[in-house]
Structures are given as C-alpha cells and as structure tokens.
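I opened my notebook to look up how this chain folds. These are my entries.

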Amino acid sequence: MESTSMMRVNAHPGSYGGHGSTPQDRQHQRRQKILALFDAVEHGHLDASKLALKVLMNFDHALSTDAQFVRLSKALDAGSVYVAQQVVREMKTKFINALPLSTHAVPVPHPASRHHQPDGMHFVDTRA
C-alpha cells in the first residue's frame with residue numbers, strides 16, 4: 001500500500017481561515033454570534049448560552065477582556081440566568097446607544113434649477 005502525504009493546501013493564503021472572508025464578513029459573523037448568545041440568554045437556555053459564549057469567545061478572543069462579557073461569563077458559569085439576562089439587557093442598551101441615530105443617508109432636495117435667466121440668457125447648472 002502506498003503511503004500518501006497528508007498536506008493541507010490553503011486555496012486562499014491571504015485570507016482568514018482560507019475562506020476568502022473580508023473584514024465585513026467577519027464583522028457580520030461576529031454580530032450573528034453575539035445575537036445568538038443574546039437570544040439564548042434572553043430565553044433562559046443556560047447550556048445554549050454557555051455554548052454560544054464559548055463559540056463567540058473562540059471566534060473573537062478580544063472579547064475575553066471586555067468587562068461586560070466577563071460579567072456575562074461569570075454569571076453563566078455560576079448558573080445565574082437572571083443575572084446573565086440583566087447583563088445582556090445592559091449590553092443591548094449600550095449597543096443601541098452606540099449606534100448612530102440615522103443609518104441611512106437622507107437625500108437633500110436641491111432647489112429647482114432655473115434654465116433661463118429673466119433677461120433671456122441661458123443658465124448652466126454646474127451642480128451635476
């Protein structure tokens with residue numbers, strides 16, 4: 001029997017995890033993991049909350065030093081669903097207050113352009 005070499009080839013060497021993820025993809029994945037954690041805590045599912053927190057911490061190690069996530073982790077480790085729910089409410093309030101008031105650009109209407117001056121001269125609109 002011929003021995004084969006078990007080599008792993010990364011098809012996308014410049015990307016995170018070889019999946020071609022962009023920073024926006026990574027932010028979206030992080031947001032989805034946070035929402036899954038919040039949902040599990042809010043519904044009082046202790047085991048699912050612990051698992052969601054572990055997955056999130058493995059995905060984003062920087063959160064292990066965030067004070068709110070440390071509090072949440074301690075509450076879940078102690079089995080205190082009520083305290084964990086309080087922490088999640090505080091975190092959601094913090095996230096909501098951190099968002100800009102308007103996330104969509106509001107178009108500003110331009111005043112109607114005049115194509116002719118009162119003296120009969122043409123007016124060239126240079127705003128375009």
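Accessible areas come from the Shrake-Rupley method with a 1.4 Å probe, and for residues only the protein chains shown count as cover. By that method I read about 10,200 Å² of accessible surface for the chain. Carbon and sulfur atoms hold 59% of that surface.

I noted that this is a predicted model, where local features need pLDDT of at least 70, side-chain atom pairs count only at pLDDT 80 or more, and totals for chains, interfaces and linings use all residues. Residues are numbered from 1 along each chain as its sequence is written, and side-chain values use heavy atoms, with hydrogens and water left out.

Next, the fold. The order from the N terminus is α-α-α-α.

The axes of H2 (residues 46–59) and H3 (residues 67–77) come within 10 Å and cross at roughly 145 degrees. Axes here are lines fitted to C-alpha atoms, for helices over the stretch in contact, with angles from 0 to 180 degrees between N-to-C directions. Leu 46 and Leu 53 are among the H2 residues that meet H3, where Phe 69 and Leu 76 are among the partners. Contact means heavy atoms within 4.5 Å.

Last, Gln 85. Is Gln 85 buried or exposed? It counts as buried because its relative accessibility is 16%, and buried means under 20%, exposed over 50%, partly exposed in between (1.4 Å probe, protein chains only). Gln 85 sits in helix H4 (residues 81–98). Not counting residues up to four places away in sequence, Gln 85 touches Val 41, Glu 42 and Gly 44.

Conventions:
Helices (H or I, at least four residues) and strands (E, at least two) are DSSP runs, numbered from the N terminus.
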